[in-house]
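Try each task before turning to its solution.

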Amino acid sequence: MSEGTVEFTVDGIDAPVKTWYKVFGDLKSRRPLVTLHGGPGVVHNYMLALADLVGTHGVPVVVYDQLGNGNSTHLPEKMGDTSFWTEALFIKQLTHLLEHLGIQDDFDLLGHSWGGMLSARFATQQPKGLKHLIISDSPASMKLWVEAANKLRSQLPPDVQNTLDSHEAAGTTQSEEYHGAVMQFYARHLCRLNPMPQDIQDVFGWLQKDPTVYLTMNGPSEFHITGSLKEWSIIGELHKIIVPTLLLNSKYDEAQDSVVQPYFHELQKVKWYTFAESSHMPQYEEREKYVQLVGDFLAL
C-alpha cells in the first residue's frame, strides 16, 4: 500500500491544486482498477471495501479524493460557482492522475453513484487505455433519479415526509430536524446496515466539514436536487461507450431499476446484476458477493 499527492493546474485558481490518492497492491502486477467515489463532493473512504480485490483476485486498486474534499485541495471560496465545478474539471483530474501513475494505457474504472456518472461520461470519450467499466448504483439521468426518489420518499412515515416538505419549502434544509428526517431515508435506501460502517459515517463527517461541491452540484440531500446536475443526462451518449460494462444496483437502492435501465438498453456490451439485500452501498451490505462479481468481471 502506498499513498501520495499530485499537483495540477486548473483555470480560475492561481496556485496548483492537489489530488490525494492511495494504491493497494502493485500497479505493475496486472491491470489496476481505479475507483471514483460519489457525491459529488464526498470522499474515498466508502470505496475502501474494493481493496479486498487485492486479496481475492490480485487486482491493484486505486482510490482518490476528488477535488474539493477529503485529502485533496478544498476550495470553499468556489461555493455556488457552477462554471467551476463541472464534469470537465473532474475528468481533467482523473486524466492527470492516470498519467501520474503511468497507467493511462491500461486500466479499468469503477464509479459509484456520481462516480459512475462521471466514469460513464469519461468512457464516452473512448480513452484508449480503458478496458472495463463498472457503473455501480448510478443514474442515467437525474430526472429518472428524482422520479424514483420521490416514490421511495412517499413510503416514509407521514411525519417524516411533512418534515422534509416543510423545510424544503422554507429553505431551512441545513436544520438538524431536516437532517434527522433525511437520515431516516438514508437508513432505508443509502445503507441498511445498523450501525452504518465507519467508512460510510466518515462521508457524512467530511460533508459537514466542507459541503461546497455537494451543495453546488447536487443540493441538500440525495433526493432534493437543486444544484447544477439537476438536468444531467447521459442517455443520448451511451452509444459511444464501447468497452465491456458491468451495471450494478440493488433492490432497495436509490438507483432503482428505472434509473439504471437506459444503461442496459443502450450500451453495446453490458451485464446487469441487482443485489437482493442491499440499498445504495452493496459494497458493504453484501461485500463478499460485490467483490466477487467485480473481480470475476475484471478477469474476463
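A residue is called buried under 20% relative accessible area, exposed over 50% and partly exposed in between, with a 1.4 Å probe and protein chains only. Helices (H or I, at least four residues) and strands (E, at least two) are DSSP runs, numbered from the N terminus. This is a predicted model, in which local features need pLDDT of at least 70 and side-chain atom pairs count only at pLDDT 80 or more, while totals for chains, interfaces and linings use all residues. Residues are numbered from 1 along each chain as its sequence is written, and side-chain values use heavy atoms, with hydrogens and water left out.

**Exercise 1.** Find which residues of helix α5 are buried and which are exposed on the other side.

Solution. Begin with the buried residues of α5, which are Val160, Thr163, Leu164, His167 and Glu168. Because they cover an arc of only 120° around the axis, they lie on the same side of α5; the arc is that of the directions from the helix axis to the C-beta atoms. Next, turn to the other side of α5, where Pro158, Asp159, Asn162, Ala169 and Ala170 are exposed. Finally, look for the partners: the buried residues of α5 pack against α4 (142-153) and α6 (176-189), where contact means heavy atoms within 4.5 Å.

**Exercise 2.** Work out how strand β7 is placed between its neighbours β6 and β8.

Solution. First consider burial: six of the six residues of β7 (residues 245-250) are buried, so the strand is largely enclosed by the rest of the structure. Thr245, Leu247 and Asn249 point one way, whereas Leu246, Leu248 and Ser250 point the other way. In a regular strand the side chains alternate between the two faces of the sheet. Then consider pairing, which requires that DSSP finds at least two bridges between two strands. Strand β6 (residues 130-136) runs parallel to β7 and is joined to it by four bridges, with isoleucine 134 opposite leucine 246. Six bridges join β7 to β8 (residues 270-275), again in parallel.

**Exercise 3.** Describe the surroundings of histidine 280.

Solution. Start by locating histidine 280 in the loop between β8 and α10 (282-285). With a relative accessibility of 2%, histidine 280 is buried. Not counting residues up to four places away in sequence, histidine 280 touches several residues, including His112, Trp145, Glu222 and Asp253. Last, examine the side chains: that of histidine 280 makes a polar contact of 2.7 Å with that of aspartate 253. A polar contact is a pair of N or O atoms within 3.5 Å; within protein, one must be able to donate a hydrogen and the other to accept it, and residues adjacent in sequence count only if both atoms are side-chain atoms.
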